[in-house]
Amino acid sequence: MIEISTPTSNSISDNDVETEQLNLALTAEEIAFFENLKPKFDSLKKNPSEKTIQNILNFSKTL
């Protein structure tokens, strides 16, 4: 039997990867672009009420 898996080393999602190392791969213009986007992404966060979450869960169980 052949075992196939996705390697976890050298992954950009590893917690060991420092932000500083990632920034070295980006130009100053790219860093400024992403820094400009951060507040816009924060404005997209939603905190639904418990009732809303329960309604969604109840609806998903009916399908």
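Student: Why is Lys45 called exposed?
Tutor: Lys45 has a relative accessible area of 61%. Exposed means over 50%, buried under 20% and partly exposed in between (1.4 Å probe, protein chains only), so Lys45 counts as exposed. This is a predicted model: local features need pLDDT of at least 70, side-chain atom pairs count only at pLDDT 80 or more, and totals for chains, interfaces and linings use all residues. Residues are numbered from 1 along each chain as its sequence is written, and side-chain values use heavy atoms, without hydrogens and water.

Student: What makes Lys45 and Asp42 a salt bridge?
Tutor: Their closest N and O atoms are 3.8 Å apart. A salt bridge needs a side-chain nitrogen of Lys or Arg within 4 Å of a carboxyl oxygen of Asp or Glu, so Lys45 and Asp42 qualify. Asp42, at 46% relative accessibility, is partly exposed.

Student: How many salt bridges does the structure hold?
Tutor: Two. Glu35 and Lys38 form one of them, with 3.0 Å between the closest N and O atoms.

Student: Why are Glu35 and Lys38 separated by about one helical turn?
Tutor: Because they are three residues apart in helix α2. Glu35 has a relative accessible area of 44% and is therefore partly exposed; Lys38, with 45%, is partly exposed too.

Student: What makes Phe33 and Phe34 an edge-to-face pair?
Tutor: A pair of aromatic rings is described by the distance of the centres and the angle of the planes. A search of the whole structure finds one aromatic pair. In it, the rings of Phe33 and Phe34 are 5.3 Å apart centre to centre, with 70° between the planes. Rings of Phe, Tyr and Trp (its six-membered ring) pair if their centres lie within 6.5 Å; planes under 30 degrees apart are stacked, over 60 edge-to-face and the rest tilted. The distance therefore makes Phe33 and Phe34 a pair, and the angle makes the pair edge-to-face.

Student: Why do Phe33 and Phe34 count as partly exposed?
Tutor: Phe33, in helix α2 (residues 28–42), has a relative accessible area of 48%, and Phe34 has 44%.

Student: Which residues make the nonpolar surface patch?
Tutor: Leu26, Phe33 and Phe34 make the patch, which covers about 280 Å².

Student: What share of the protein is buried?
Tutor: Buried residues make up 0% of the 63 residues. The protein exposes about 6,500 Å², of which carbon and sulfur atoms supply 58%; such areas come from the Shrake-Rupley method with a 1.4 Å probe, and for residues only the protein chains shown count as cover.

Notes:
Patch = residues over 30% accessible without salt bridge, like charges linked within 9 Å, V, L, I, M, F, W, Y side chains within 5 Å. Helix = DSSP H or I, 4+ residues; strand = E, 2+ residues; numbered from the N terminus.
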